[in-house]
Amino acid sequence: MERFDRTQARTWLSTAVEEARAGLAEGGIPIGAALYAPDGTLLGRGHNRRVQDGDPSTHAETAAFRDAGRQGSYRGTTMVTTLSPCWYCSGLVRQFGISRVVVGEAETFHGGHDWLAEHGVEIVLLDDAECVAMMRDFVRENPALWNEDIGE
């Protein structure tokens, strides 16, 4: 199988970064995501809204997934996220057969992307400096909220 184009991955990551910035501006946790169709069409986008909505299930990936609406199949789709997906969001990827996950960074939080790779999901880890800096700043300034978000 041909590996995914990293230039395309970085372009798509910009959508997720925009979402993360929007979440931060709203007083929330700066994690953003986007779901792309196999042909590159943006299906949905979203950001973590746990704080804004008081809903612990509204992670960036679930927000993007919901925004995409019902799809007949998720094969060939790509979930793009600014941060390694947690177990909850990793389960969503596996449950619906999303083929690829582009991860902005896994330095701040190493979620379930290794597990996804072990189960046949293509992982594109970008180690994006902007994603790392945004999360590091947030964690430093909001440790209690961050620990709540990751379940500690």
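**Note on aromatic contacts, salt bridges and helix packing**

1. Arg-94 is placed over the face of Trp-115, at 5.7 Å from the ring centre; a charge sits over a ring if NZ of Lys or CZ of Arg is within 6 Å of the ring centre and within 35 degrees of the ring normal. This is a predicted model, in which local features need pLDDT of at least 70 and side-chain atom pairs count only at pLDDT 80 or more, while totals for chains, interfaces and linings use all residues. Residues are numbered from 1 along each chain as its sequence is written, and side-chain values use heavy atoms, with hydrogens and water left out.

2. The ring centres of Trp-87 and Trp-115 are 5.7 Å apart and their planes stand at 70°, so the pair is edge-to-face (rings of Phe, Tyr and Trp, the last by its six-membered ring, pair if their centres lie within 6.5 Å; planes under 30 degrees apart count as stacked, over 60 as edge-to-face and the rest as tilted). Since Trp-87 belongs to helix 4 (residues 87-96) and Trp-115 to helix 5 (residues 113-118), the pair ties together parts that are 28 residues apart in sequence; helices (H or I, at least four residues) and strands (E, at least two) are DSSP runs, numbered from the N terminus. Trp-87 is exposed, with a relative accessible area of 56%, whereas Trp-115, at 27%, counts as partly exposed (buried means under 20% relative accessible area, exposed over 50%, and partly exposed in between, with a 1.4 Å probe and protein chains only).

3. Phe-65 and Tyr-74 form a tilted aromatic pair, at 5.2 Å centre to centre and 35° between the planes. Both Phe-65 and Tyr-74 are buried, and together with Phe-96 they form one aromatic cluster.

4. Phe-65 is also one of the buried residues of helix 3. Helix 3 (residues 60-68) is mostly covered, with 7 of its 9 residues buried; these are Ala-60, Glu-61, Thr-62, Ala-63, Ala-64, Phe-65 and Ala-68. They pack against strand 1 (32-36), strand 2 (42-47), strand 3 (78-81) and helix 4. Gly-69, which follows helix 3, has a positive phi near 75°.

5. The structure holds 11 salt bridges, a salt bridge being a side-chain nitrogen of Lys or Arg within 4 Å of a carboxyl oxygen of Asp or Glu. In one of them Glu-130 is joined to Arg-21, with the closest N and O atoms 2.2 Å apart. This pair links distant parts of the chain, with Glu-130 in helix 6 (residues 129-141) and Arg-21 in helix 1 (residues 6-25), 109 residues apart. Glu-130 is partly exposed at a relative accessible area of 37%, and Arg-21 is partly exposed at 44%.

6. Arg-50 and Glu-148 meet through their side chains in a salt bridge (3.7 Å, N to O). Because Arg-50 lies in helix 2 and Glu-148 in helix 7 (residues 143-149), the pair ties together parts that are 98 residues apart in sequence. Arg-50, in helix 2 (residues 50-53), is buried with a relative accessible area of 12%, while Glu-148 counts as partly exposed at 47%. Beyond its neighbours within four places in sequence, Arg-50 is in contact with Ile-29, Asp-55, Pro-56, Thr-58, His-59, Glu-148 and Asp-149.

7. The side chains of Glu-107 and Arg-136 form a salt bridge at 1.9 Å, N to O. Glu-107 is in the loop between strand 4 (100-103) and helix 5, and Arg-136 is in helix 6, so the pair ties together parts that are 29 residues apart in sequence. Arg-136 is partly exposed, with a relative accessible area of 47%. Elsewhere, Glu-18, Glu-19 and Arg-45 are linked in a network of salt bridges.

How values were computed. Contact = heavy atoms within 4.5 Å.
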